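The following note sets out points for a colleague who is reading the structure alongside its sequence. Each point takes up one topic.

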Amino acid sequence: MPLVRRILWAAIVVWLTATAAFIALRLLPGDAIAAQLMDSGADAAAIQARRDALGLNDPWTVQYIRFLAGLLRGDLGESLNSGQSVSELIAFNLGPTITLAGAALAVAIGLGLGLGLAAALPGWRIVGGAARFAISLGLSTPIYWTGTLAIYVFTVQLALLPSGGAGRLSQLILPAAVLGFHTATGVARVVQHSVQSAAGADFVRVARAKGLPERHVWLRHVLRAGLLPVTTVIALQAGFLLSGVVITEALFVRPGLGRLLLDATLRQDYPVVQGVVMLTAVMYVAVNTVADLLNRLLDPRVRV
Amino acid sequence: MKQPWLLLSLALVIVILIAPLLAPYDPMATNPGEALQPPGAGHLLGTDALGRDVLSRVLHGGQRTLYTAALATVVALLPGVGMGMLAAAAGGRIDAALLAVINAWLAFPALLLALVVVTLLGVGLQQVALATGAALIPQVARVARTAAIEVQALPFVSAGRAAGGTGWWVMTRHVLPNAAPAIAAYAGVTFAYAVLNSAALSFLGLAGDLGVPDWGAMLYEARVTFRAAPWVSIAPGLAITCLVYTANRAADRLIETRQW
């Protein structure tokens with residue numbers, strides 16, 4: 001049962017991630033959380049009460065079971081700074097991030113396929129060269145720098161688009177384009193290599209030997225085989241997208257999960273960091289599992 | 001000239017190492033009277049908000065970027081290669097268990113893992129290097145494991161075993177040296193990622209107060225004034241792109257030539 005096994009593995013990976021997050025939090029020097037509370041002006045008795053309330057004085061095993069049980073209920077604890085529940089904070093920030101990631105993914109798929117095909121198809125010398133250069137450049141340029149340049153050109157010089165905030169469509173265009181472009185170059189490189197290697201495969205030589213017209217060879221044989229890995233790449237790029245969201249949201253001053261995570265990191269708000277990381281790990285594993293299963297469906301060679 | 005990009009990367013590293021000697025000004029010397037001057041005769045790449053010379057700062061900052069990325073590469077390579085070789089040598093259940101760990105590790109997007117490390121260890125340059133390197137370990141482990149498994153299938157490895165070699169001896173004398181070219185080529189890719197990712201962490205303000213900043217932290221500082229003075233951002237960004245681009249090309253070339 002490959003389906004059951006695949007889902008079981010995904011569950012194990014998520015469990016390992018959760019355990020790693022739990023251990024990391026307990027590895028902290030014992031009074032890091034107390035120090036955190038001291039900064040916000042609590043006295044020793046209040047800190048002790050807080051530690052009791054957070055269950056930090058219980059044995060590890062009890063804490064671990066409680067942590068896993070909380071996860072199953074969707075309870076991720078409370079922010080050390082505001083006392084708000086982490087689940088609520090995440091729910092509040094999820095919308096803008098999903099909008100940004102979704103728009104960027106759409107750009108990445110369209111642009112990635114376009115660039116990758118332009119780089120791989122024969123006969124397009126200048127376009128192909130330009131596409132290959134754009135791909136290498138996109139893979140070597142820091143996203144925070146392209147973003148800065150984009151703001152300079154489109155906001156400062158041309159005064160066309162706003163550079164920050166969220167909610168309106170015009171505020172989405174720049175961050176989605178920048179994040180999408182960088183994600184697209186990763187997709188494009190794999191599309192290019194995959195199509196090129198499919199073009200040299202034996203079944204393509206056979207198709208040509210049968211006397212099929214070149215158009216037909218490319219459309220029916222090369223592209224069909226060459227574009228299969230695209231689902232996998234897009235799933236793998238989800239990780240890049242999640243990291244990119246942190247930087248893009250910081251650069252374009254957008255609310256969202258990335259900002260929440262970054263602020264929590266700088267303030268050492270451990271439960272919030274742990275909650276967001278858990279959520280992204282689950283999303284990443286889910287996307288990859290779905291892509292894997294989809295691939296089995298599309299490609300008869302992978303079905304075992 | 002079989003490896004032009006490799007030579008170019010080495011040349012770039014040497015340039016970065018001697019660059020501080022070429023700097024026309026003290027990178028830390030502030031001069032409020034000359035703040036935010038555009039590129040020109042006095043300051044070839046202009047000045048920043050405190051009147052510091054951008055060219056001198058880029059020339060000095062390269063060493064920190066290089067140091068952080070190199071340290072991160074070592075942090076990624078040593079345990080990564082160790083894990084990969086162990087998985088390949090042990091096989092069976094140990095291999096499957098290690099592979100599960102590697103996959104779980106990969107499920108953590110690199111930047112998120114880095115943010116967790118910085119949350120635990122605090123803000124700083126070494127922390128950034130450690131965080132960047134730790135996030136790159138599973139990729140290295142996967143490449144090293146694949147390379148070792150390929151080499152293990154070759155006849156001289158069985159010959160070494162047949163001659164009575166112990167597992168450790170066969171791995172260090174036969175498998176590792178022959179898997180090394182593939183691993184070295186991937187080290188170039190790892191270094192390129194390390195430059196981008198460590199600079200990204202600096203850009204997010206996680207490198208702390210550095211004195212002379214690295215290129216990522218320079219971009220972080222330039223954020224405030226880039227609307228009026230884009231040149232403060234353009235120079236360090238371009239420097240990062242050049243370094244990553246040459247490292248990537250050198251690695252690509254190494255990977256290609258190995259295949260023939």
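1. Helices here are DSSP runs of H or I with at least four residues, numbered from the N terminus. The model is predicted. With helices defined in this way, A:Ala159 falls in the loop that connects helix H7 (143-157) to helix H8 (170-199) of chain A.

2. The backbone at A:Ala159 deserves a comment. Most residues other than glycine have a negative phi. The phi of A:Ala159, by contrast, is near 50°, a positive value in a residue that is not glycine. A:Ala159 counts as exposed because 8 C-beta neighbours lie inside 10 Å, and the limit for an exposed residue is 12 or fewer.

3. A second residue of this kind is A:Val253, whose phi is positive at about 45° although the residue is not a glycine. A:Val253 sits in the loop between helix H11 (230-251) and helix H12 (257-266) of chain A.

4. As to overall architecture, chain A contains 13 helices and zero strands. Its C-alpha trace spans about 85 × 60 × 30 Å along the principal axes. Of the 304 residues in chain A, 38% are buried. Among the contacts in chain A between residues at least 6 apart in sequence, 71% join residues at least 24 apart.

5. The domain assignment divides chain A into domain 1 (18-73) and domain 2 (90-303). The C-alpha centres of domain 1 and domain 2 of chain A are 38 Å apart.

6. Which residues of the two chains meet? In chain A, 35 residues are in contact with 31 residues of chain B. At least two residues each on the chain A side come from helix H1 (2-26), helix H6 (125-140), H7, H11, H12 and helix H13 (270-298) of chain A. The most is given by H13(A), with seven residues. By residue type, the side of chain A that touches chain B comprises 25 nonpolar, 10 polar and no charged residues.

7. The largest nonpolar core has 151 residues, and those with the most contacts inside it are B:Ala114, B:Val140, B:Ala144 and B:Val195. Helix H7 (residues 167-203) of chain B supplies the largest share of this core, 19 residues. Apart from neighbours within four places in sequence, B:Ala114 is in contact with B:Ala131, B:Thr132, B:Ala135, B:Asn197 and B:Leu201.

Notes: Residues are numbered from 1 along each chain as its sequence is written. Chains are lettered from A and ligands numbered from 1 in the order in which they are written. This is a predicted model: local features need pLDDT of at least 70, side-chain atom pairs count only at pLDDT 80 or more; totals for chains, interfaces and linings use all residues. Domain bounds come from an automatic or database domain assignment. A residue is buried if 20 or more other C-beta atoms lie within 10 Å of its own, exposed if 12 or fewer, and partly exposed in between; C-beta atoms are placed from the backbone. Two residues are in contact if their C-beta atoms, placed from the backbone, lie within 7 Å. Ala, Val, Leu, Ile, Met, Phe, Trp, Tyr, Cys and Pro count as nonpolar, Asp, Glu, Lys and Arg as charged, and the others, Gly among them, as polar. A nonpolar core is a set of buried Ala, Val, Leu, Ile, Met, Phe, Trp, Tyr and Cys residues joined through C-beta atoms within 7 Å.
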